[in-house]
Amino acid sequence: MSQKLLFRDIDEPGLNTIDVYRRRGGYENLRKALAMPREAVLNELLASGLRGRGGAGFAMGKKVSFLPKGSMDVYLCCNADESEPGTFKDRELMQKNPHLLIEGIIIAAYAAGANKAFIYIRGEYQLQADILDAALAEAERAGYLGESILGSEHSLSLVVHRGAGAYICGEETALLDSLEGKRGNPRLKPPFPANQGLYQGPTLINNVETLATVPIIIGMGGEEYAKIGTETSTGTKLVSVSGHVKRPGNYEIELGIPAREIIYGLAGGPADGRRVKLWFPGGSSSPVLTEAELDLAYDFDTMAKAGSMLGSGAIIVVDDSTSVVDVAYKTAYFYRHESCGKCTPCREGTNWTVKMLERIKAGEATPMDLDIMASVCEQIIGNCLCVLGDAMAMPVGSMVKKFRSEFEEEIERRRQEAWAATTTPEPELPLIQGAVA
Amino acid sequence: MPRPEINMITFSIDGREVQAPENMMLVDAAKYGDVEIPVFCYEPKLGQPVGACRMCLVEIEGIPKLQTGCSTPVKDGMVVHTQTQRVHEAQEAVVEFLLINHPLDCPVCDKGGECPLQDISFGWGGGRSRFIEPKRHFQKPLELSPLIAIDRERCILCYRCVRYSQEISEDYQLVLQERGAASYVATFDGHPYVAPFSGNIIELCPVGALTSKPYRFRARPWDIEGAGSVCTMCPGQCNVTFTVRDDRVLRVLARDNKEVDDGWLCDRGRFAYQAIHVDERITRPMVRDGGELRPVSWERALEEAARGLGRARDGQAAALAGGGTTNEEGFLLQRIVREALGSPHLDSQRAPVSREALQAISDPGLQAEVADLEFAHAVLVLDTEPVDDMAILDLRIRKGVRRNRVKLAIASARPSSLDPNAALSVRFAPGGSRAFAAELVAAARGEQAGEDARAVVELLRGAGEDIVILASERVGAALAMLADELGLRDRAGAGLLVVPSSANGRGLREVGVLPDAGPGLRPVAEAGRDAAGIARGLADGELTALWLMGVDPLRDLPNRPAWERALDRASTVVAHASFLTEGIREHATVVFPAEAYAEKDGTLTHPDGRLQRVRPAIGHQGESRFTWQVLNDLGRRLGIELRVLTAGMALAQLAEAVPFYAGLTQDEIGGRGVRWQTRDAAAAFPRPSGAIPVPVPRVSETLAAEAAEGLRLGTFRSIWASPEVEHSPALKFLTPKQKVEMSPADADRLGLRDGQAVQVAQNGHAVSATVALRHAIPAGSVFLQDGLEEDSANEIAGSIVEVRA
């Protein structure tokens, strides 16, 4: 069924070393790309139809072609700040096959005309950053980085930059601010990073998986790659399946297969006797889907049509043992904690939503609070500076909408529980001698 | 960077076709169609919009999401809706979001009544809140600084103050701590936010989170009146609005004038108004009687002054003017001194600059405007420290460098606070500015010159044609030659901006308060003595009477020992003063209460030639009177009828006497001022004829003194060194103490350490100071502060000093 591209050799022992990587054909595609004219490489990327794997799903080749031409410094940033709850595919890729990413960055930089590249890696990924550092040193020694790579005119310096643990720094413009040494807050767009990004220069920002796919596309040819998957969602995708499944983990799938095949086929489905209550198709920021939507094709367009999104490809499965209120609370809590505070709707809206959910949990809410919550979520969506606010409002809003009756039952149940806990039984009147009854 | 061209386009807003400048942000363009889009975080003065508050969301046809009007440049044919259901809902939601953590304590909030949050909640909010959860709590109010109180619960986190600190004043002190709903504004290191321009954040704050401590709980917006005027505390002459309640000034706000101040004020300009209403201020005339100054009636004081000055007729009287003396006052003063007392001895300058030199540097063909600093290709700051000498220009220069990539060159003796923004900074030895300027002229002519001078000229020429030279007046005639050599004559957007030594220095010299020039810089039959000459004359007994207007020579002028001798011998010292500083207290025989600037009526001339009106905001406190009235009365007693019954009449006389001010009226000057160079009368300016001799650079002047000779002394007057600061309760804490700034190399050699108490001595005179080590100071130079009440640098007359423990 599935063709393994990114994960072809993933369990090969020692793949993180340059020797093993090269033995398995590594850096050959770089050689091939550098022998091609820059435009030809770009054309291959365009032909492949590769869409960004970080969450937004924007066509990668198109992004490269947006970079202005001219004699200014162009930057490439690899977004390795994989912080979305449920997403852990880049971690495995960087840990086990760092050279694939490095090769991809070099080729992408060549196509983009960038001479300075950065890997902005999540602060918690210490092991992976160490592995990348080591791989970088190997690649440099082997002449794949630095001045005139493999005798071509392409030069590239590549630096691994470790983040400091803020989810928002995965947002591309906040990432740039953080990389520049500032507080990691999103910037206003436009200007988009392709025009004015790092240090005001044109900047290409791509996810780890996207860049790691680049050598594969060069290897097999863009058109060949485009034959995999569906027409608008080409290629394979790494999916991180987590939550209530028997075999959580990363799986490489061809885009367009039914979601049921991933959740039940690959990951084994929920524990025996349990049913899927809801699932996040693309990380915790995607609107939730229900059991009834398990047979939808897992690709960008189908998920969007279903009112959700493929996002980073992180499927979180929640079975019927869990209350939807707890799922909503956990989700909202995360985004309140990570909101940078720059724009009003996200800063105040996430905070307000959490407080309302806390009230539901404490048994102090009424169904009217659900209306307020829905309206708060509605006013966050689309009105924020970046998409972090949406990332809370969309899943929580979808839960309130799709599981309204369960919310109402929970409100009532917890209200009664709270009432029972605070109302102590009336003490019997003590008998006082001489008292008149 | 020349000013951008403006191209008008047509767009549609709420169904109406409106013309507006292309690429103007929608919130501003909307105003062309009388549509208001509410904003909190947007403030064009702060640079690029950030789109943080989301209040200005509007609908634009063709764009699915609502857009922030503050960050969307208007384009031709754009169709904008601000009144649709969708926009209303979004704006209402933002107001609701902003208010959920706001304490709504408007009845006890200083901002109440003039609060954008109130106004916008009223205009665009839903009028109700569905938020029943507990609000965010902070300890409050806290001192952000001794001048500013911060109430973090009221803060709506609009980022304005933080952006101001980061991008305008560039002191980098304010930051947002924590994140999300827990964010709060604080200083980076937790220390108080003390900076020369900190007070501007009070005006920037759109809620009551940042309030002025001196103004806290003093008035509500409905019991105050605003009165527009001009600050007279430095040559910057920023436009201000006085907040007046019950005939007292309670607050000073900026009155945005792009041509002068760009809408900012320094903290001295903002808070020193307090000195108007302190008990120490002189509000009654005084006469020395039995060795002590005693309050007397105006009649008596005028009589005494007339008698004393009258005795010194026939050239034995002299007058000095400075501070905030208006053109009218200066003009009347010189009339009395010249016409009634028959004396040519008048001065208004700290360092002598000849009439020919002043003519050359005031030439209308060579004048730059303040706003040119922002749009020039290059700016040279020569022998002046903007933050101390003309504070507001500091912000303007930073703006030019930051936003328009102006190339900045600094040539000074003392390291400048603008050095980090400069493309090139060069140092010369203290006192070497004239020599260095001559070197610059030589370098510009391609003649032999030092490396530093060549580098500066190369940088300026390399940057482009529009060059602005901001220089101290004391540099003199070489400035004009340099400007000519650089091709700045008659070039719009380029030229000289000369910083005089007192707030109205330019006006005073143009109305004739100079020893060698009458009104309009006309030559006089017999040149009088300059300030230093007057001191000598008094000490020698050749002069007997001294008239001081807004000057205390012991404090404001160089060479205090000479002035002490002079004042000791003077038989009559008539002073117009606000405070009993030492020279007045010990030596004045008659003291007239000087007006506070909020009481004055008159005009000032800005260093770029802009005449501005100082208008009375309050009545005279105590028994003080208009100075022009005092001069009129005194003139009559000395035998001259000045015929001045209003400030306007004095202006009319002055406009008649100064050919290039001809026809000026108060109406023409108006609220924004008028540059005389732009009027037809400017043709009457007496352009210099023939070449002005430029001093030949002497190498020894440009080099730091050899260690064997001692250390070369430079002086500077801090922005905080003024009686107004000392007498304002809120600013008092900033009163500078004497310190000697020196290089670590010299300190090592002399065995001194930072903070050590030392004596800086020369020829028997010594000043106590503490050592302040600064790495940027070239070895061989030391710097002391001028203008202090005690241990001021002017106690030392020479230029080579020794520093000893």
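This is a predicted model: local features need pLDDT of at least 70, side-chain atom pairs count only at pLDDT 80 or more; totals for chains, interfaces and linings use all residues.

Residues are numbered from 1 along each chain as its sequence is written, while chains are lettered from A and ligands numbered from 1 in the order in which they are written.

**Overall fold**

Chain B holds 26 helices and 34 strands. These are DSSP runs, numbered from the N terminus: helices are H or I with at least four residues, strands are E with at least two. The radius of gyration of chain B is 28 Å, close to the 28 Å that the globule rule gives for 805 residues, so chain B is as compact as a globular protein of that length. The radius is taken over C-alpha atoms, and the rule is 2.2 Å times the number of residues to the power 0.38.

| Property of chain B | Value |
|---|---|
| Span of the C-alpha trace along its principal axes | about 85 × 65 × 60 Å |
| Buried residues | 58% of the 805 residues |
| Contacts from residues 24 or more positions apart | 72% of the contacts with a separation of 6 or more |

Buried means 20 or more other C-beta atoms within 10 Å of the residue's own; exposed means 12 or fewer, and partly exposed is in between, with C-beta atoms placed from the backbone. Two residues are in contact if their C-beta atoms, placed from the backbone, lie within 7 Å.

**Nonpolar cores**

A nonpolar core is a set of buried Ala, Val, Leu, Ile, Met, Phe, Trp, Tyr and Cys residues joined through C-beta atoms within 7 Å. The largest has 373 residues, of which B:Leu380, B:Ile469, B:Leu470 and B:Leu479 touch the most other members. Helix H6 (residues 98-112) of chain A gives the most to this core, with 11 residues. Another core, of 20 residues, lies apart from it and includes B:Leu713 and B:Val767.

Beyond its neighbours within four places in sequence, B:Leu479 contacts B:Ile361, B:Ala437, B:Ile469, B:Ala471, B:Leu496 and B:Val498.

**Interface**

Contacts join 26 residues of chain B to 22 residues of chain A. On the chain B side, helix H2 (residues 85-100) gives the most, with 6 residues.

**A loop position**

B:Glu22 sits in the loop between strand E2 (16-21) and helix H1 (26-29) of chain B. B:Glu22 is partly exposed, with 16 other C-beta atoms within 10 Å. Its C-alpha atom is separated by 5.5 Å from that of B:Met8, 14 residues apart along the chain.
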